[in-house]
Structure formats: C-alpha cells, structure tokens
Number of protein chains: 2
Amino acid sequence: MSDDAPLGVFEEQVMLGVIRTGEEAYGMNVRRELERVTGREVSIGAVYATLDRLEAKGYVTSRRAPGSGSRRTFAVLGAGAQVLAETRAIRDRLWRGIDAARLPELA
Amino acid sequence: MSDDAPLGVFEEQVMLGVIRTGEEAYGMNVRRELERVTGREVSIGAVYATLDRLEAKGYVTSRRAPGSGSRRTFAVLGAGAQVLAETRAIRDRLWRGIDAARLPELA
DNA sequence: GGGCAATTTCTACATTGTAGAATCCACTAT
DNA sequence: ATAGTGGATTCTACAATGTAGAAATTGCCC
C-alpha cells in the first residue's frame, strides 16, 4: 500500500526528526533537533511545508496537544515508517561496496 | 571548499552509479546499474539532466571516450566525493539510535 | 547511402526544498 | 481590559531537483 514515490532528503530528515523527538514532536522542536544533529540552519517554513506534505501523503499525523498552548504535535504513521525503511534499504544497497572513508581519494 | 548545498536523493544515486560502474560510466550504463540495484525504472532523461547538473556544480566531469562510439563517460571529482561523504555523514547521525528493523512497529 | 541499434540531447512540467514575513495564541503586568 | 511579549504556526512566493519521453545524433553494417 505504500506509495511508490521515493522520499526527498528533507522529507526523510523531518520524519527522522519527528521520531527522534518523540512525544515532543511539534514543529519548532523538530526544527531544533534537526539543527542540533545536522549542524545546519533549518528554516521553520521548510519544516512545516514538509510536515504538511508528509501528512497529505499519509506518512504522519498531527493533533493539537490539548492544554499545550498552540502546539501541533506530529507522529509518524505505519506507512511513513515503511517508506522510511524502504528508502534506507535502497540506499544501503547502492552504497554497499563503496568505502566512504576512501571517497576522498577519488580526487 | 565544497558547496554547502546538500545533494538531492537522485543526485546521490547517480553519483553512486557513476562510481559503481567505474570505467564504463556513461549515461545508459549508469541507468542500467541504477535500475539493477534499486529495482526501479529510471528514465534516461532523468539521468542526463542530473549528470549535467552535477557537472555544472563541479562534482563530476565528462569526456567523449575516443573510439567508443558516441559515448560520453563520467567520473566523480574530488568535490563530488567530498559532498557525497558529507551527505552520508549527516544522514548517519540522524539515523543513529533508530533501529530500522523496528520501524514497522511504529504503526 | 540507407537502415539500424545504441546513445545522447532537448523540452516541458511536477514535485520538493527554502526563506521569511505575517499571523495566532496564551500569559502577564499594568 | 488590554498592550506587550515569547513561542508557535501559517502563508506566500520562488528556487532547485526530479521525471518522462520524443527528437536528434552517432557509428556501423549491409
């Protein structure tokens, strides 16, 4: 049932961010986690646009956390977890046999 | 000196395809390798458009292989190898601590 | 010198990535 | 009660990447 289309890199990052932040997965927090782990700035608009698209595809859901101010918290759905795993599996096959440590030698 | 912009997923796949096919890395062959490993169809136009963009960024070079028909063979440059390694490193950090095998349980 | 198979180029459009300003929401101090 | 404030989300607009397939090219062989 999983949609055939592959995940974009930011889509993958955002989904991983949601998983990593668990119960606290609302937009601003996902943004912070992504910036922390990747070491790059992430614009908040990018996060929400992506979250909305993921929700439209049925990969995540969102709900207003009752009593938690204006926060909208997200969770990854089964279909999302599946496409994430698939994305990773395909990539792993492509990388198999390539030694990342020796890539710089390809100068 | 590597450009700061991240690689798209297809860009990464194509670069890996070039590395995997080595001396024989011309468009059609990269396409075949990608289809073989990913199990998905890849349109030839997508491959060339991506290859051209990678070349414009200085990540790969191309040359007409003399005596080899109309083939245009590609090779990954140092900057390309670097951005590939960086792309992978960031992703690995994001995946760290997430058990891919248990992702399906996130239903 | 025409046909053929393999390869590359071109064109056009869809999807994803990105930024930042505007808006909303609850809380608090006046 | 309301203006200010910090935190969060929504909106808008555009750039970059992904994708498909038809058209053009190339070299070869008859």
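Tutor: In this predicted model, the contact between the chains draws 25 residues from chain A and 25 residues from chain B. On the side of chain A that touches chain B, two or more residues come from each of helix H1 (9-21), H2 and helix H4 (78-95) of chain A. The most is given by H4(A), with 10 residues. Sorted by class, that side of chain A has 18 nonpolar, five polar and two charged residues.

The next matter is how the two copies are placed. Chain A can be laid on chain B by a turn of 180 degrees and a shift of 0.0 Å along the axis, with an RMSD of 0.0 Å. The two copies are thus related as by a two-fold rotation axis. Both copies use the same surface, since 100% of the contact residues of chain A recur in chain B. Among the residues of chain A, Val9(A) comes closest to the rotation axis, its C-alpha lying at 3.0 Å.

The C-alpha atoms of chain A fill a box of roughly 55 × 35 × 20 Å along the principal axes. Chain A has 107 residues, of which 32% count as buried. Among its contacts between residues at least 6 apart in sequence, 47% join residues at least 24 apart.

One of the helices at the chain contact, H1(A), also packs inside its own chain. H1(A) and H3(A) meet at an angle of about 90 degrees, and their axes are 10 Å apart. An angle from 65 to 115 degrees counts as roughly perpendicular, and H1(A) and H3(A) are therefore roughly perpendicular to each other. From H1(A), the residues Phe10(A), Glu11(A), Val14(A) and Met15(A) meet Ala46(A), Val47(A), Thr50(A), Leu51(A) and Leu54(A) of H3(A). By class, this contact of H1(A) with H3(A) has seven nonpolar, one polar and one charged residues.

H1(A) and H3(A) lead on to the DNA. Around DNA strand C there are 27 residues, and the closest are Gly8(A), Ser43(A), Gly45(A), Tyr26(B) and Gly27(B). At least two residues of the surface near DNA strand C are supplied by each of H1 and H3 of chain A and helix H2 (27-38) and H3 of chain B. The largest share, six residues, comes from H3(A). This surface near DNA strand C divides into 13 nonpolar, 10 polar and four charged residues.

For the surface near DNA strand D, helix H2 (27-38) and helix H3 (44-56) of chain A, with helix H1 (9-21) and helix H3 (44-56) of chain B, each supply at least two residues. Here the largest share, six residues, comes from H3(B). By class, the surface near DNA strand D has 13 nonpolar, 10 polar and four charged residues.

To return to the part in question, H1(A) gives two or more residues to the side of chain A that touches chain B, packs roughly perpendicular to H3(A), and supplies at least two residues of the surface near DNA strand C.

Key:
Residues numbered from 1 in each chain as written. Chains lettered and ligands numbered in written order. Predicted model: local features only at pLDDT ≥ 70, side-chain atom pairs only at ≥ 80, totals over all residues. Helix = DSSP H or I, 4+ residues; strand = E, 2+ residues; numbered from the N terminus. Nonpolar A, V, L, I, M, F, W, Y, C, P; charged D, E, K, R; others polar. Contact = placed C-beta atoms within 7 Å. Axes fitted to C-alpha atoms, helices over the stretch in contact; angles between N-to-C directions. Parallel < 35°, antiparallel > 145°, perpendicular 65-115°, else oblique. Near = placed C-beta within 6 Å. Least-squares fit on C-alpha atoms with pLDDT ≥ 70 in both. Buried ≥ 20, exposed ≤ 12 C-beta atoms within 10 Å, placed from the backbone.
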